[in-house]
Amino acid sequence: MRNQTVSIRMATEKQKEGIRGTVNGALGEIFELLTHADAQAIAGAQGEIVTGVRKVFEPFIRTRATSYWLDVMARFTKEVFGLDCDYSNVRVPVSREGFNWMLVADERVTTEMAAKKCAELLPFWRWTNTSLDEVVTHNDRSEKDGTYAIWLRDTVEADEIHKNKSANDIQAAGIKGVTLREQLLLVLWYHWKFGKFLDIVNITLCTGSRCSGGGVPLCYWRPDAREVGVSWCNPDYRNDNLRCREVVSIQ
């Protein structure tokens with residue numbers, strides 16, 4: 001497995017002390033106004049307070065996370081596809097809580113190219129030998145949009161919250177789902193990063209894509225054959241182990 005250490009300059013003690021002073025100053029003003037009942041209520045809501053404090057600081061910390069991920073994805077694209085990358089100007093959507101993986105989809109990599117790279121580097125099976133660029137005729141986001149970034153939940157399995165929902169259900173709810181190209185890139189990135197595979201138990205329903213006949217691409221681990229598989233299902237099909245992998249995107 002490759003060393004994924006990224007050099008990030010951490011905050012100095014002087015900076016931390018300054019932040020503590022700002023926070024303590026705000027707390028001092030609040031403490032002056034506390035009643036006995038207020039203090040009792042706060043004592044019983046420690047978890048909520050911690051969550052609230054994290055949300056206050058999250059927008060500032062996100063800058064570090066974005067820089068980290070753009071660097072990681074540039075190195076991934078270079079090492080796996082041999083493409084020199086400068087992602088410093090890529091527009092990055094504002095993430096949401098729980099969406100901690102960033103994926104950069106490079107405009108130079110099509111769905112078919114991603115599939116061929118999977119076949120080159122991983123045990124891989126696909127239901128068709130026809131180019132996926134021809135078979136998958138609709139994508140909510142594609143290389144035609146230029147290079148872009150998305151956020152996904154940092155889970156091996158596709159989103160449990162979306163189990164037993166068909167592609168039609170996901171579309172009707174206005175949920176943005178991963179495209180087949182994005183999912184294949186995620187499979188490659190995860191194996192590059194950890195040497196492991198995604199969707200060992202369940203199946204990612206790539207609701208951001210549609211095949212020419214209206215089918216929805218699927219991506220999953222085939223345990224019997226011990227390989228990554230790509231197939232499809234009808235847009236109204238639903239099952240407990242069939243799950244959308246939701247994304248946060250600008251497009």
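The largest cavity holds about 30 Å³ of space. Keep in mind that this is a predicted model. How many cavities of 30 Å³ or more are there? The count is 1.

The lining of the largest cavity consists of Phe76, Thr77, Phe81, Val104, Asp106, Val109 and Leu185. By class, that lining splits into 5 nonpolar residues, 1 polar and 1 charged. Which element gives the largest share of the lining? That is helix 3, residues 46–81, with 3 residues.

On to the cysteines. A disulfide is a covalent bond between the sulfur atoms of two cysteines. How many does this structure hold? The number is 0.

Take Cys211, which is in no disulfide. Its nearest cysteine sulfur belongs to Cys233, 9.2 Å away. Is Cys211 buried or exposed? Cys211 has 8% relative accessibility, so it counts as buried.

Then Cys219. The cut-off for a disulfide here is a pair of sulfur atoms within 2.5 Å. Cys219 also counts as buried, because its relative accessibility is 1%; the limit for buried is under 20%.

To recap: 1 cavity of 30 Å³ or more, and 0 disulfides. That is all from me.

Definitions and conventions
Residues are numbered from 1 along each chain as its sequence is written. This is a predicted model: local features need pLDDT of at least 70, side-chain atom pairs count only at pLDDT 80 or more; totals for chains, interfaces and linings use all residues. Side-chain values use heavy atoms; hydrogens and water are left out. On a 1 Å grid over the protein atoms alone, a cavity is a set of points where a 1.4 Å probe fits but cannot get out, and a pocket is an open set with protein on both sides within 12 Å along at least five of seven lines; lining residues have an atom within 4 Å of a point. Grid points are joined across faces, edges and corners, and a volume is the space filled by probe spheres set on the points. Helices (H or I, at least four residues) and strands (E, at least two) are DSSP runs, numbered from the N terminus. Ala, Val, Leu, Ile, Met, Phe, Trp, Tyr, Cys and Pro count as nonpolar, Asp, Glu, Lys and Arg as charged, and the others, Gly among them, as polar. Buried means under 20% relative accessible area, exposed over 50%, partly exposed in between (1.4 Å probe, protein chains only).
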